[in-house]
Amino acid sequence: MKRFVVGIDVGGTNTEVAIIDNDGAILDGFNVSTRCCESFEEYISLISDGVSDMIKRNNFEQKIEKIGVGAPNANFFSGNIEYAPNLLWKGILPFASMLQEKTNIPVVLTNDANAAAIGEHVFGGATQMNDFIVVTLGTGLGSGIFSNGKLIYGHDGFAGELGHTLVETNHGRLCGCGRRGCLETYVSSTGIVTTAIELLANNQEKSVLKEIPANQLTSLDISNAANAGDAVAIKAFEYTGKMLAIALANVVSITSPEAIFISGGLVKSGKLLFDPLIENYNNCVMTLFKGKVKILPSLLCDKNTGLLGAAALAFNNN
């Protein structure tokens, strides 16, 4: 039996919205700029109007079960986005309650990385797993942790912030959270760019990356250079893989997952990331866990992970 929900993926730049069925097929959708409205109320009105129009043109008025939302700093328990540093609006934003009031459709909301983990469980590589971790590598580093078949939220809804575990306490890199030395400042698309810039400043080797202004350098530039054999770019990936490996070895000791799925743009670099990651992980992980945990790319990497995660959240909360 076909079931239908609306999935909403709220990003710092764009918000994507779609009708999705229980096979993960996207039937219709639209997107808006997350920065299009000065007030949060205007933004919610724009989203709700778009959802209503989309439902009407597909004659789905009585078919949508729920709206699922994945958003930064989103709290599953409260339905609020709380103090998201990359959004235009600050403070506590009552996203779920406001959207539900305007659309008259039940709304459930969670952190975007948690949504990615639920998406992996429903539509991806973890459909037969009860214990696994999803790590999302984008501008920052997010994570969602499943244990005994349930997503770990903690007592306040914010458990699983692997990206904000400290990996450097001696003059570490400044993080958007206000602290220094968080993992995501080293392992993310932003982090690898910072690593490359530091290597270029302290390295006399020739590198095509030196031809790119620092404020224009991207993780894709580094990946392309590494694939062409650029030594500095390769070292940037090696360092990134090593830092992630140490973090994963630590979290494995706490959660003992069956698998860890890596998602996000950096996954497209393939062996450049995974070879140093797995080599260093095997050197770091406790002997008790050696050979027990698979480290894999997400099976949703070539799909819209954010929308599928939001839809999976809605299907999982009936």
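**Exercise 1.** Work out in which sense strands E2 and E3 pair, and over how many bridges.

*Solution.* Start by finding E2 at residues 14-21 and E3 at residues 26-33. Strands here are DSSP runs of E with at least two residues, numbered from the N terminus, and two of them pair if DSSP finds at least two bridges between them. E2 and E3 have seven bridges and run antiparallel.

A word on the model: it is predicted, so local features need pLDDT of at least 70 and side-chain atom pairs count only at pLDDT 80 or more, while totals for chains, interfaces and linings use all residues. Residues are numbered from 1 along each chain as its sequence is written, and side-chain values use heavy atoms, leaving out hydrogens and water.

**Exercise 2.** Find how many helices and strands the protein chain has, and why it counts as compact.

*Solution.* First, the tally is eight helices (DSSP runs of H or I, at least four residues) and 13 strands. Next, the radius of gyration, taken over C-alpha atoms, is 20 Å. The globule rule (2.2 Å times the number of residues to the power 0.38) gives 20 Å for 318 residues, so the chain is as compact as a globular protein of that length.

**Exercise 3.** State what share of the residues is buried.

*Solution.* Apply the cut-off: buried means under 20% relative accessible area with a 1.4 Å probe, protein chains only. That gives 52% of the 318 residues.

Conventions
Buried < 20%, exposed > 50% of the residue type's maximum accessible area, 1.4 Å probe, protein only.
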